[in-house]
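Work through these exercises with the model open beside you. Try each task before you read its solution.

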Amino acid sequence: DISSIAIDCYGRKWIGYSSSDLDMFFPDSDEPVHFPAANIAGDMIGDIETGPTGDVWIGALNMDWYNSGYLIKGYPTPYIWEGYYSENNPSLSYCMNAIAVDDGGNIWMAGESNEYNGDTVINRLDEDMETWDSFSLPWDDRWVEVNKIVIDSKEQVWFATTNGIAMLAPD
């Protein structure tokens, strides 16, 4: 099953699967470059987002890390994958199924909360990949799932969730 799709600034199409496999298609090509699940990590790809320089961000569920969320950064060439686990940041959602990149290069991510981290938390990783910020949703419900993150032209961050829509204004 296909779980996510993104097109990067080079026109490459990235297709994520619930099996955690990943395919990349170059423009004008029907033959994928295949990345098996073992090369990416995680048990299911929740979302794929691309940055302005061709970086690929993948949100995944990783059962091997105690139901931890897993954020993977892929550099455009060569294909180097770097992981960020919720073990490194305990507030990360256990299943990263929504990612967005803002104009400043910050990575926004969220998913579904669970018993390990309590309320659903929105996470932002700065453009230098050094500072994590966490934000709570406006309602107190442990079992909210964030399905999509969208950033508008005013840099307002919008969240489509199982409890409705929420918005964070820019700093």
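**Exercise 1. The whole protein**

How much accessible surface does the protein have, and what share of it belongs to carbon and sulfur atoms?

*Solution.* Start with the kind of model: this one is predicted. Its accessible surface comes to about 8400 Å². Carbon and sulfur atoms hold 51% of that surface. Next, take the residues. The protein has 171 of them, and 49% are buried. Then list the secondary structure: 1 helix and 15 strands.

**Exercise 2. A sheet of strands**

Find the order of the strands in the open sheet that contains S14, and state how they pair.

*Solution.* Step one: the order is S13-S14-S15, so 3 strands make up this open sheet, and the pairing is antiparallel. Step two: find the edges. They are S13, residues 146-151, and S15, residues 164-168. Each of these edge strands pairs on one side only. Neighbouring strands are turned by 20° against each other on average, with direction ignored. Step four: recall what holds such strands together. Strands of a sheet pair through backbone hydrogen bonds, either parallel or antiparallel.

How many bridges join S14 to S15? There are 5, and S14 covers residues 157-161.

**Exercise 3. Two salt bridges**

Locate the 2 salt bridges of the structure. For each partner, decide: buried or partly exposed?

*Solution.* Begin with Asp8 and Arg12. Their side chains meet in a salt bridge, at 2.5 Å from N to O. Both Asp8 and Arg12 are buried.

Move on to Arg124 and Asp133. Their closest N and O atoms are 2.8 Å apart, and they too form a salt bridge. To sort these partners, use the cut-off: buried means under 20% relative accessible area. Arg124 has 11% relative accessibility, so Arg124 counts as buried. Asp133 has 26%, so Asp133 counts as partly exposed.

**Exercise 4. The nonpolar cores**

Which residues have the most contacts inside the largest nonpolar core?

*Solution.* The core has 13 residues. Those with the most contacts inside it are Trp108, Ile122, Leu137, Val146, Ile149, Val157 and Phe159. Next, ask which strands supply it. S9 (95-101), S10 (107-112), S13 and S14 each give at least two residues. S13 gives the most, with 3. Apart from this core lies another, of 11 residues, among them Ala6, Trp14, Phe35 and Ala60.

Finish with Phe159. Leave out its neighbours within four places in sequence. Its contacts are then Trp108, Ile122, Val146, Lys148, Ile149, Gly164, Ile165, Ala166 and Leu168.

Conventions. Residues numbered from 1 in each chain as written. Predicted model: local features only at pLDDT ≥ 70, side-chain atom pairs only at ≥ 80, totals over all residues. Heavy atoms only, no water. Pairing = 2+ DSSP bridges. Helix = DSSP H or I, 4+ residues; strand = E, 2+ residues; numbered from the N terminus. Axes fitted to C-alpha atoms, helices over the stretch in contact; angles between N-to-C directions. Salt bridge = Lys/Arg side-chain N within 4 Å of Asp/Glu carboxyl O. Buried < 20%, exposed > 50% of the residue type's maximum accessible area, 1.4 Å probe, protein only. Core = buried A, V, L, I, M, F, W, Y, C linked by side-chain atoms within 4.5 Å. Contact = heavy atoms within 4.5 Å. Areas by Shrake-Rupley, 256 points an atom, 1.4 Å probe, with all protein chains shown as cover.
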